[in-house]
Amino acid sequence: MAERNGRDLPILVAGGGIGGLAAAYALAHQGFPVRVFEQAPEFREIGAGIQLGPNIFRVLDRIGLKDAILADAHRPPAMEMRCALSGERVTKIPLADPRFDERFHYPYAVTHRADIHGAFLKACQSSNLVTLETSRTVDDYEEDDDGVTIVLATGERIRGRALIGCDGMWSKIRERIVGDGKPRVSGHIAYRAVLKKEEVPADLWQPDVILWAGPRTHLVHYPLRRGELWNIVAVFHSDRYVEGWNAEADAGELWAHFKGQRPEVLRMLERIETWRMWVLCDREPVNDWNKGRVVLLGDAAHPMLQYLAQGACMATEDAVCLAEKVAAAPDDLSAAFAAYVQERYLRTARVQIMARVYGDFYHARGPAAELRNQMLGARTPEESYDGIAWLYGGP
Ligand SMILES: Cc1cc2nc3c(=O)[nH]c(=O)nc-3n(C[C@H](O)[C@H](O)[C@H](O)COP(=O)(O)OP(=O)(O)OC[C@H]3O[C@@H](n4cnc5c(N)ncnc54)[C@H](O)[C@@H]3O)c2cc1C
């Protein structure tokens, strides 16, 4: 039944990460008032890089933020995979290249998380339809015929037309809607660090995204912030589990896994004094992200491993799709949310599943690694584009 009441109430957003702010701005862009509740004392992202495929720029263009997010980004000329044991190039895919532009019409870029998050934050702050609130933890919610009431950790109750759960991998809203317990621990750990350009040995500095694939490890590096910074992520297999995205890491554990790899890899690792780490988790894909006027978005809906570098891209695609569905059915948000889930769940499920496959590819050993090198090495740039067109050509 279409909703009659509560049209003047804001839509509530739990979580002010990239997904939450993208959703808030996309909804405001369509003319809807939004209130964002973030549990941290300020809106901020951790110090690390993020890759952005052409698919995110396609949707950013629809909400007028493409240029704002490209402004501080770096555009790598190519993405290259190298063998971490032999140093051989496995494959190289041109990115800042007329063939890529002709195929996908939008760029590939890498940026600092703080820069993309900051661009969404600035856009939200410039809109008089978005209210941003920090140190506000959403603990629970109640739904009735006319709207949703959220319950904060302080006990305060706040009324809205609907609730969007953008509260990430360990989402409380998801517990209520899907109820599938804790995320799956992948057994992979990512160590990350950001250096200034002058801290990187000159002969190792490269404008490309470089991935060194090793047995049960890989190392990725690329420049950030118009080339002024340098992002390094080292991933290896480990059973350690620490919840959260910002734990201090143990360098000894890292060295044990990268022993015997190419000097370029080891010299890069040596540059880092303090590592932070993520224990990588994901979930099985599901398609029940909505119940009435409550819906999930971003990592709360479809947490994925980072091997396709798409979690933030998918959250942003979700945000723009959700806002468009709300604009198409402004009097029936339950129907709008159902239409959004219908449009999004198979695409995001494919990324969740393929990210695991890519992780296996990167970390292959023995014949599996040989096979990978043979398959990828034989591809022309056009064939590489064909292989990823399902992702970069959407949504
Ligand atoms: C190693 C690594 C590399 C990655 N690389 C890429 C990449 O290259 N490209 C890419 O697109 N993606 C990448 N990702 C994925 C991407 O970082 C995430 O998918 C994306 O940040 C998810 O955004 P989100 O807003 O959904 O969740 P989050 O960023 O987790 O934000 C959730 C927010 O909600 C807040 N919150 C949580 N609970 C509550 C509550 N109860 N009440 C109020 N607030 C709450 C949190 O404080 C946080 O601010 C990578 C991830 C990892 C781990």
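Reader: What makes β12 and β15 a pair, and in which sense do they run?

Author: This is a predicted model, and in it β12 and β15 are joined over nine bridges in the antiparallel sense. Two strands pair if there are at least two bridges between them, so nine bridges meet the condition. Within this pairing, His188 stands opposite His237 in β15.

Reader: How do you know that β14 and β15 pair, and which residue stands opposite His218?

Author: Eight bridges join β14 to β15, and the two strands run antiparallel. The requirement is at least two bridges, therefore β14 and β15 count as paired. His218 stands opposite Val235 in β15.

Reader: Why are β5 and β16 said to stand at the edges?

Author: The sheet is open and has eight strands, in the order β5-β4-β13-β14-β15-β12-β17-β16, with mixed pairing. β5 (89-94) and β16 (247-248) each have a single partner strand, so one side of each is left without a neighbour in the sheet.

Reader: What makes β15 largely enclosed?

Author: A residue is buried when its relative accessible area is under 20%. Eight of the nine residues of β15 are buried, so the strand is largely enclosed by the rest of the structure. Helix α7 (residues 251-258) lies across β12 (184-196), β14 and β15 (229-237), and runs at about 75 degrees to β15.

Reader: Why is Arg225 called partly exposed, and where is Arg225 found?

Author: Arg225 is found in the loop between β14 and β15. Its relative accessibility is 23%. Buried means under 20% and exposed means over 50%, so Arg225 falls in between and counts as partly exposed. The hairpin of β14 and β15 has four residues between the strands, and Arg225 takes a positive phi near 40 degrees there.

Reader: Where does Ala309 lie, and why is Ala309 called buried or exposed?

Author: Ala309 lies in the loop between β19 (294-296) and α9 (311-328). Its relative accessibility is 19%. The cut-off for buried is under 20%, so Ala309 counts as buried.

Reader: What makes the peptide bond from Gly394 to Pro395 cis or trans?

Author: Omega of this bond is near -5 degrees, and the bond is cis. Most peptide bonds are trans. Pro395 is in the segment after α12 (381-392).

Reader: Which residues touch the most other members of the largest nonpolar core?

Author: They are Ile69, Phe120, Ile150, Leu163, Ile164 and Ile173, in a core of 71 residues. Helix α1 (residues 18-29) gives the most to this core, with nine residues. Leaving out residues up to four places away in sequence, Ile69 touches Leu52, Phe57, Leu60, Ile116, Ala119 and Phe120. A second, separate core has 37 residues, including Val233 and Trp390.

Technical notes
Residues numbered from 1 in each chain as written. Predicted model: local features only at pLDDT ≥ 70, side-chain atom pairs only at ≥ 80, totals over all residues. Heavy atoms only, no water. Contact = heavy atoms within 4.5 Å. Axes fitted to C-alpha atoms, helices over the stretch in contact; angles between N-to-C directions. Core = buried A, V, L, I, M, F, W, Y, C linked by side-chain atoms within 4.5 Å. Buried < 20%, exposed > 50% of the residue type's maximum accessible area, 1.4 Å probe, protein only.
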